[in-house]
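Subject: Handover of a structural model

Dear colleague,

Please find below the structure that I am handing over to you. My findings are set out after it.

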Amino acid sequence: MKLLCIGDSLTFGYETDISKKWTRLLEKELNIEVINFGINGDTTSGMLSRFISAITQFKPTHCLIFGGTNDLWFGLNDAFIMSNVYGMCKNIQVIIYLYLNPLRR
C-alpha cells in the first residue's frame with residue numbers, strides 16, 4: 001500500500017518535528033509508504049488543483065484527503081468544499097477526513 005496524504009497544515013504537521021508528524025508515525029506503525037503532501041494554509045481548491053499531478057508523480061494506491069479547515073475559516077460554502085473533495089474521489093481509493101464544526105450554521 002502506498003498512501004498519499006493531501007491536505008493543509010493539519011496534514012503537513014505544522015510546527016511538528018518531522019519524526020513526530022502523524023504521517024511519519026502512521027508509516028512506521030502500518031509499515032507502508034506514506035507521502036505527506038500537505039501544505040500549510042491550503043484549501044480544498046488548492047488541493048484539487050494539485051491532485052492529478054500528485055497522483056501522476058507518486059502513483060499511490062490510496063489517498064487520504066484531510067482538509068477543509070481553511071475553507072471553513074474563509075467562510076466558503078459547504079457545497080463548494082464538498083464539490084472540491086468529490087473532484088478528488090475519482091480513479092483511486094480515497095479516505096476522507098473532514099473537520100466539521102457542529103456549531104456552524
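Predicted model: local features only at pLDDT ≥ 70, side-chain atom pairs only at ≥ 80, totals over all residues.

Residues are numbered from 1 along each chain as its sequence is written, and side-chain values use heavy atoms, with hydrogens and water left out.

Confidence. The chain has a mean pLDDT of 91, and 92% of its residues reach 70 or more; pLDDT is the predictor's confidence in each residue, from 0 to 100. Strand β4 (residues 93-98) has the lowest confidence, at a mean of 79, whereas β2 has the highest, at 98. Helices (H or I, at least four residues) and strands (E, at least two) are DSSP runs, numbered from the N terminus.

Sheet. β1 runs parallel to β2, and six bridges join them; two strands count as paired if DSSP finds at least two bridges between them. Gly7 has Gly38 in β2 as its bridge partner. β1 also pairs with β3 in the parallel sense, over five bridges, and Leu3 stands opposite His62 in β3. Because five of the six residues of β1 are buried, this strand is largely enclosed by the rest of the structure. Buried means under 20% relative accessible area, exposed over 50%, and partly exposed in between (1.4 Å probe, protein chains only).

Cores. A nonpolar core is a set of buried Ala, Val, Leu, Ile, Met, Phe, Trp, Tyr and Cys residues joined through side-chain atoms within 4.5 Å. The largest one has 13 residues, and those with the most contacts inside it are Leu4, Ile6, Phe37, Phe51, Phe58, Cys63 and Ile65. At least two residues of this core come from each of β1, β2, α3 and β3, and α3 gives the most, with four residues. A second, separate core of six residues includes Leu3, Ile32, Val34 and Phe66. Leaving aside residues up to four places away in sequence, Ile65 touches Ile6, Met47, Val85, Met88, Cys89, Val94, Ile95, Ile96 and Tyr97, where contact means heavy atoms within 4.5 Å.

Helix α3. At 1.5 Å a residue, the 15 residues of helix α3 (residues 44-58) should span 21 Å, and the end C-alpha atoms are 19 Å apart, which agrees. The expected span is 1.5 Å times one less than the number of residues. A kink of about 40° is centred on Arg50; the bend at a residue is the angle between axes fitted to the seven residues ending there and the seven starting there. The buried residues of α3 are Thr44, Gly46, Met47, Arg50, Phe51, Ala54 and Phe58. Their cover includes β1 (2-7), β2 (33-38), β3 (62-67), α4 (69-73) and α5 (78-87).

Single residues. Lys59 is exposed, with a relative accessible area of 59%. Glu15, in the loop between α1 (9-12) and α2 (22-30), likewise has a positive phi, near 60°, and is exposed at a relative accessible area of 69%. Asp71, by contrast, belongs to helix α4 and is buried, with a relative accessible area of 0%. Apart from residues up to four places away in sequence, Asp71 touches Thr43, Thr44, Ser45, Leu76 and Ile81.

Yours sincerely
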